[in-house]
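Here is a quick tour for anyone opening this model for the first time. Have a look at it, then read on.

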Amino acid sequence: MPKTTNTTTPATADAVMFTDETLRQATELAADARRPVWLGDSGEECTGEAVARHLEATLVLLEKDGWARVYEVVQPVQHTVDRSPALAADESMSVKALLLQLIRFIRAEVADADAPAGPRRTLPTALRYVADSDHGDGDTCEAANRVLNLLVRAHTGHAHALASSWAERQHRTAADITALLTAGIMFARTYGPGATVTATAA
């Protein structure tokens, strides 16, 4: 067998561009933002830690379910096993025949459980999914979106860039999304309200 040295997809240049300088520039953009970055639609402020937890849960979710650049439509799973709504039992059936039918039915049910629940998740859908979990809410989702937008704006130099659009570019990779979320986690913990880490001046 031929030996393979690397089976992972190499990160694009974007994956290494969210540096400390990018985070510092994002803080300047946050200070000039028309809407406070950490203020939710509820009118309450999110802590940096709460936003970081939301972003961490998003990262874990994308690692588990997979990241998709754009929304994918998944076709329903076609079963090869003949699925009847109920087990057909007959008093004349032998115990062996009945057990075989039961085993086939259970295997079909297990195949359903193991089938993919849906498409891989885009960055925006993953952020929204976490908002409905124990790891976040609507406010932390909005703040997390704003943090990611700030980082993309600092990275690209474009004042109106959006992380969702950045994530949809055709050359984008999962490594880029991981890098963006990781930078967002660091930014929230370092510069967010209630941050325990003091950022050092450049």
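## The overall picture

Taking contacts in the chain between residues at least 6 apart in sequence, 77% join residues at least 24 apart, where contact means heavy atoms within 4.5 Å. This is a predicted model, so local features need pLDDT of at least 70 and side-chain atom pairs count only at pLDDT 80 or more, while totals for chains, interfaces and linings use all residues. Residues are numbered from 1 along each chain as its sequence is written, and side-chain values use heavy atoms, with hydrogens and water left out.

The chain has seven helices and zero strands, giving the pattern α-α-α-α-α-α-α along the sequence. Helices (H or I, at least four residues) and strands (E, at least two) are DSSP runs, numbered from the N terminus. Of the 202 residues in the chain, 33% are buried; buried means under 20% relative accessible area, exposed over 50%, and partly exposed in between (1.4 Å probe, protein chains only). The chain exposes about 13000 Å², and carbon and sulfur atoms supply 55% of that. Such areas come from the Shrake-Rupley method with a 1.4 Å probe, and for residues only the protein chains shown count as cover.

## Inside

In general, nonpolar side chains in soluble globular proteins tend to be buried together. Here the largest nonpolar core has 40 residues, and Val51, Leu123, Leu151 and Leu180 touch the most other members. A nonpolar core is a set of buried Ala, Val, Leu, Ile, Met, Phe, Trp, Tyr and Cys residues joined through side-chain atoms within 4.5 Å. Two or more residues of this core come from each of H1, H2, H4, H5, H6 and H7, and H5 gives the most, with nine residues.

Now for helix H4 (residues 123-131): its buried residues are Leu123, Ala126, Leu127, Val130 and Ala131. They sit on the same side of H4, because they cover an arc of only 150° around the axis, the arc being that of the directions from the helix axis to the C-beta atoms. Their cover includes helix H2 (48-65), helix H5 (138-156), helix H6 (163-167) and helix H7 (174-191).

## Charges and a greasy spot

How many salt bridges does a search of the whole structure find? The count is nine, a salt bridge being a side-chain nitrogen of Lys or Arg within 4 Å of a carboxyl oxygen of Asp or Glu. Here are some of them:

| Salt bridge | N to O distance |
|---|---|
| Glu21 and Arg24 | 2.4 Å |
| Glu28 and Arg24 | 2.3 Å |
| Lys64 and Asp65 | 2.7 Å |

Lys64 is exposed at 63% relative accessibility, whereas Asp65 is partly exposed at 26%. Elsewhere, salt bridges that share partners join Glu49, Arg53, Glu56 and Arg189 into one network.

Back in helix H1 (residues 20-31), Glu21 and Arg24 are three residues apart, about one helical turn. Glu28 and Arg24 are four residues apart in H1, again about one turn. An α-helix has 3.6 residues a turn, so residues three or four places apart point the same way. Glu21 is partly exposed at 35%, Arg24 is partly exposed at 27%, and Glu28 is partly exposed at 43%.

Finally, Val95, Leu99, Leu102 and Ile106 form a nonpolar surface patch with about 360 Å² of accessible area together. Patches are made of residues with over 30% relative accessible area and no salt bridge, with like charges joined within 9 Å and nonpolar side chains (Val, Leu, Ile, Met, Phe, Trp, Tyr) within 5 Å. Ile106 is found in helix H3 (residues 95-114) and is partly exposed at 46%.
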